Amino acid sequence: MRILVLGGTAWLGRTVVQHAIDAGHDVTCVARGSDVPTGARLVRADRDRDDALTAVSREHWDAVIDVSRTPEHVRRAVRDLEPVADRYVFVSTVSVYASHAERGADEHAAVVEPSDDPAEYGAAKVACERAVLDVFGPERTSIARAGLIGGPGDHTGRSGYWPWRFSRAVGSGRAVVVPARTDRPTSVIDVRDLAAWLVGAAEGGRAGVHDVTGEVVTLGQHLGAARAAAGADVPVEPLSDEVLLARGVAPWVGERSLPLWIPDDDHQGMNDRPADRARSAGLRRRPLGDTLADVLAWEQLQPVHPHGAGLSDDDEEAVRAAG
Ligand SMILES: NC(=O)c1ccc[n+]([C@@H]2O[C@H](COP(=O)([O-])OP(=O)(O)OC[C@H]3O[C@@H](n4cnc5c(N)ncnc54)[C@H](OP(=O)(O)O)[C@@H]3O)[C@@H](O)[C@H]2O)c1
């Protein structure tokens with residue numbers, strides 16, 4: 001098949017391209033950068049320009065896969081590619097949903113109002129989804145609403161922090177600071193499993209909207225899997241939500257954070273979307289322990305720790321000492 005990837009120079013896009021090449025497809029990428037996997041053809045273009053896709057709109061494509069978050073880019077793409085492409089696979093996000101309070105919700109849940117501002121992430125993705133559906137129609141459109149993505153290459157640090165932190169604690173004599181509440185849901189979709197799903201969607205038979213999320217486990221189970229991946233039988237120091245917040249620890253992501261920890265009870269549904277529809281349509285998810293072992297191996301090659309999320313050694317010591 002001839003697949004056009006709009007993107008392909010960043011984490012998920014590159015993984016999709018590699019997967020498609022490995023599956024024997026002929027892949028072309030459109031991006032401003034040049035770092036696409038070996039074997040892919042690159043058409044350099046800036047999608048801020050109205051004529052960015054003129055060259056590729058002269059060719060036939062069995063499928064387009066688009067990772068954009070900019071509605072204007074998607075509108076131009078569907079305008080230019082609908083006459084020459086059979087299918088459009090759009091990478092969206094569970095951030096499109098209007099409420100994250102309900103646990104176990106599916107694709108029928110209400111979404112936020114669309115916005116053309118890419119900074120309004122979920123709303124902009126809704127506008128992108130609608131642009132694709134309006135032009136390609138439901139039979140030729142596949143929308144993947146991804147949950148938190150993890151695995152090798154995760155520069156956000158959300159999937160890599162915990163196995164790295166446990167591995168670092170081995171032999172240090174220090175306990176690892178963890179949230180005391182470990183019964184809340186979390187889920188990580190391995191970047192390679194998501195890429196395989198997207199290539200499968202490009203191959204056909206997966207029209208419509210699918211949540212593509214990892215298996216829902218408790219934070220406690222996730223931490224257990226991270227410890228096992230690190231081979232680390234190290235002590236932990238559980239701290240309550242109130243204590244962590246009072247000591248300046250941020251939830252979820254970013255500097256001085258504890259990744260995957262969400263103390264807000266109105267947000268527990270974000271990581272509790274079972275993806276039954278995608279699983280029935282062929283989504284295969286590897287065991288969480290495999291994802292965490294592989295992201296740990298990748299983390300160990302990185303020059304700076306933590307990155308994107310988590311507590312540095314000094315931060316962790318300060319959080320502990322603040323008591
Ligand atoms: N991380 C998560 O946990 C998570 C969760 C749910 C959904 N998602 C979705 O997963 C996808 C991640 O994609 P990704 O890892 O490949 O990263 P990304 O950073 O979202 O990729 C952006 C891609 O678009 C290209 N691009 C951006 N602006 C462009 C322009 N003006 N002209 C041409 N190309 C442009 C970039 O290439 P150049 O910069 O080289 O031009 C790059 O290849 C996104 O759709 C994201 O919304 C992520």
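Biologist: What makes strand S6 mostly covered?

Modeller: In this predicted model, 6 of the 6 residues in S6, residues 141-146, are buried. Buried means under 20% relative accessible area, exposed over 50%, and partly exposed in between, with a 1.4 Å probe and protein chains only. Strands here are DSSP runs of E with at least two residues, helices are runs of H or I with at least four, and both are numbered from the N terminus. Residues are numbered from 1 along each chain as its sequence is written. Local features need pLDDT of at least 70 and side-chain atom pairs 80 or more, while totals for chains, interfaces and linings use all residues, and side-chain values use heavy atoms, without hydrogens and water.

Biologist: Which way do the S6 residues point?

Modeller: Thr-141, Ile-143 and Arg-145 point one way. Ser-142, Ala-144 and Ala-146 point the other way. All are buried.

Biologist: How do you know that S5 and S6 pair?

Modeller: Pairing takes at least two DSSP bridges between two strands. S5, residues 85-93, and S6 are joined by 6 bridges and run parallel. Tyr-88 stands opposite Thr-141 in S6. From S5 the chain crosses through helix H3, residues 121-136, to S6, in a right-handed β-α-β crossover. Right-handed means that, with the strands pointing away from the viewer, the path from the first strand over the helix to the second runs clockwise.

Biologist: What makes S11 a partner of S6?

Modeller: Here 5 bridges join S6 to S11, residues 208-212, and the strands run parallel. Ser-142 stands opposite Gly-208 in S11.

Biologist: Why is the contact of Arg-79 with Asp-50 called a salt bridge?

Modeller: The term needs a side-chain nitrogen of Lys or Arg within 4 Å of a carboxyl oxygen of Asp or Glu. The closest N and O atoms of Arg-79 and Asp-50 are 3.1 Å apart, so the pair qualifies. Arg-79 lies in helix H2 and Asp-50 in the loop between S3 and S4, so the pair ties together parts 29 residues apart in sequence.

Biologist: Is Arg-184 buried or exposed?

Modeller: Arg-184 is buried, because its relative accessibility is 7%. Its side chain meets that of Asp-265 in a salt bridge, 3.7 Å from N to O. Asp-265 is partly exposed, at 48%.
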